[in-house]
Amino acid sequence: MLAFKLKIASFILVGCFIFSASAEKVNDKVLVEFFFQTGCEECNKVKSFVLPQFEEKYSGRYLLRKYDLSQKENFLHLIMTLDQLHEDSNYSVYLILNRKTVLGGYQAIAEKIFETMDQLQPMNLDEATNKKLTADEIVATQGAKRMTVTTVIIGGLLDGINPCVFSTLIFFMSLLTVAKISGRRLIAVGIVYCLACFLTYLLLGFGILKIIRELNVIPYLKSFLNWGMMSVLLLIAALSFRDAWRYTTSGSNPDKVTLQLPPIIKKRIRLIMRHGLKSSYLLSAVFGIGVLVTLLESVCTGQVYVPTLMLLASESSGVFSRWFGLLLLYNVMFILPLLGVFGLTYGGMSTFQAIRLTRNNLRLGKILLGIFFIALAVLLFLTR
């Protein structure tokens with residue numbers, strides 16, 4: 001009797017094992033997502049010619065999901081999926097396999113679908129990668145990206161009117177006035193100086209951003225960097241607000257400001273400018289001045305630049321064209337105030353007027369920077 005019961009139990013165990021293996025095999029298929037538009041000629045071709053052949057050859061080996069792009073949530077789902085896969089194309093019809101391989105347009109689908117399918121391994125369809133993103137999740141993510149663009153624009157402008165940059169620029173303008181550089185020569189000097197600052201700052205940001213993106217590949221290090229930067233941002237936000245208060249209560253005394261270039265760097269920058277303007281090759285010297293000054297100023301301007309770069313690195317910005325485009329946008333915004341000062345000087349603004357303008361707006365600038373630092377900390381928290 002005992003032997004009989006043991007046999008029954010063994011049969012049950014074997015049956016459960018076979019059922020489990022079978023269930024696992026059923027779940028392990030290639031996920032094929034078909035995005036189409038109603039009335040689309042290419043979409044109808046895929047339905048009529050490609051999918052029947054695909055079914056005949058790979059029956060039972062894949063799971064087909066169809067998404068009508070006339071429905072908003074399906075359209076958003078496609079946009080988000082393409083973005084995650086770093087795909088910038090724009091077709092009426094798509095086949096996306098295993099959330100990894102994108103085939104867009106009838107011609108690409110017809111030519112590559114079978115070859116692609118033969119190279120893919122089945123995936124576990126019970127995993128999270130099989131879940132369709134909800135419309136709320138997609139809209140939230142797209143909103144975060146719009147927020148990132150806005151942050152980049154504001155950050156670049158605030159960095160451009162940073163007191164560190166403006167005080168240096170005004171000193172440079174005073175040297176140009178003493179050297180009697182005006183008219184067309186002033187315009188040429190302004191263009192060359194701003195171009196040097198722009199290129200140097202852009203390349204500096206590109207290098208820093210590449211380093212951050214490489215470090216972010218390490219999960220624990222990425223978390224450490226994000227939390228560390230959030231802490232630093234909150235600290236310098238507090239210091240910015242304190243600077244605004246101390247500057248106001250001290251009767252507009254700039255020496256009471258904590259977040260500014262160290263005296264030794266200010267001295268070095270002024271020395272570079274004085275020697276540079278004595279050169280016989282004025283425009284070449286001005287370009288060199290712009291490069292060196294921008295590098296030295298980064299000790300101060302990095303307060304805004306580095307956290308913004310971390311924000312760009314934290315979001316899944318995907319293809320090179322997107323994150324480099326945002327970096328380029330930041331630097332365009334950064335250079336606009338400098339161009340504005342040269343334009344005003346060309347229009348007749350004196351050095352004294354520029355100094356007064358800077359001092360009158362230093363308090364406001366510090367407050368805006370403090371608010372921006374807090375906003376950056378929040379965004380880094382949301383994209384951590």
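Student: Where does Thr177 lie?
Tutor: Thr177 lies in helix H6. Helices are DSSP runs of H or I with at least four residues, strands are runs of E with at least two, and both are numbered from the N terminus. This is a predicted model, where local features need pLDDT of at least 70, side-chain atom pairs count only at pLDDT 80 or more, and totals for chains, interfaces and linings use all residues. Residues are numbered from 1 along each chain as its sequence is written, and side-chain values use heavy atoms, with hydrogens and water left out.

Student: Why is Thr177 called partly exposed?
Tutor: Buried means under 20% relative accessible area, exposed means over 50%, and partly exposed is in between (1.4 Å probe, protein chains only). Thr177 has 49%, so Thr177 is partly exposed.

Student: How far apart are the C-alpha atoms of Thr177 and Thr351?
Tutor: They are separated by 8.2 Å. Along the chain, Thr177 and Thr351 are 174 residues apart.

Student: What makes Val341 buried?
Tutor: Its relative accessible area is 7%, and the limit is under 20%, so Val341 is buried. Val341 has its place in helix H11.

Student: Which residues is Val341 in contact with, leaving aside its neighbours within four places in sequence?
Tutor: Contact means heavy atoms within 4.5 Å. Val341 meets that with Phe166, Leu169, Met173 and Met349. Take Leu169: it is 172 residues from Val341 in sequence, yet 8.4 Å away in space, C-alpha to C-alpha.

Student: What makes an empty space a cavity?
Tutor: Rolling a probe the size of a water molecule over the atoms shows where empty space is left. On a 1 Å grid over the protein atoms alone, a cavity is a set of points where a 1.4 Å probe fits but cannot get out. A pocket is an open set with protein on both sides within 12 Å along at least five of seven lines. Lining residues have an atom within 4 Å of a point. Grid points are joined across faces, edges and corners, and a volume is the space filled by probe spheres set on the points.

Student: How many cavities of 30 Å³ or more does the count come to?
Tutor: The count is 1. The largest cavity has a volume of about 50 Å³. Its lining is Met173, Thr177, Val341, Thr345, Met349, Ser350, Thr351 and Ala354. H6 (163–178), H11 (320–346) and H12 (351–382) each supply at least two of the lining residues.

Student: How is the lining of the largest cavity divided by class?
Tutor: Ala, Val, Leu, Ile, Met, Phe, Trp, Tyr, Cys and Pro count as nonpolar, Asp, Glu, Lys and Arg as charged, and the others, Gly among them, as polar. On that basis the lining has 4 nonpolar, 4 polar and no charged residues.

Student: What lines the largest pocket?
Tutor: It has 22 lining residues, and Pro163, Ser167, Pro254, Lys266 and Arg270 lie nearest its centre. The volume of this pocket is about 550 Å³. H6 gives the largest share of the lining, 7 residues. By class, the lining has 11 nonpolar, 6 polar and 5 charged residues.

Student: What makes a set of residues a nonpolar core?
Tutor: The members are buried Ala, Val, Leu, Ile, Met, Phe, Trp, Tyr and Cys residues, joined through side-chain atoms within 4.5 Å. The largest core has 63 residues, and Phe172, Leu176, Tyr193, Met273 and Phe342 touch the most other members. H10 supplies the largest share of this core, 12 residues. A second, separate core has 20 residues, including Val32, Val46, Ile109 and Ile113.

Student: How many aromatic pairs does a search of the whole structure find?
Tutor: It finds 14. Rings of Phe, Tyr and Trp (its six-membered ring) pair if their centres lie within 6.5 Å; planes under 30 degrees apart count as stacked, over 60 as edge-to-face and the rest as tilted.

Student: Why is the pair of Tyr58 and Phe114 called stacked?
Tutor: The centres are 6.2 Å apart and the planes are at 25°, so the rings pair and count as stacked. Tyr58 lies in helix H2 and Phe114 in helix H4, so the pair ties together parts 56 residues apart in sequence. Tyr58 is also buried, at 1% relative accessibility.
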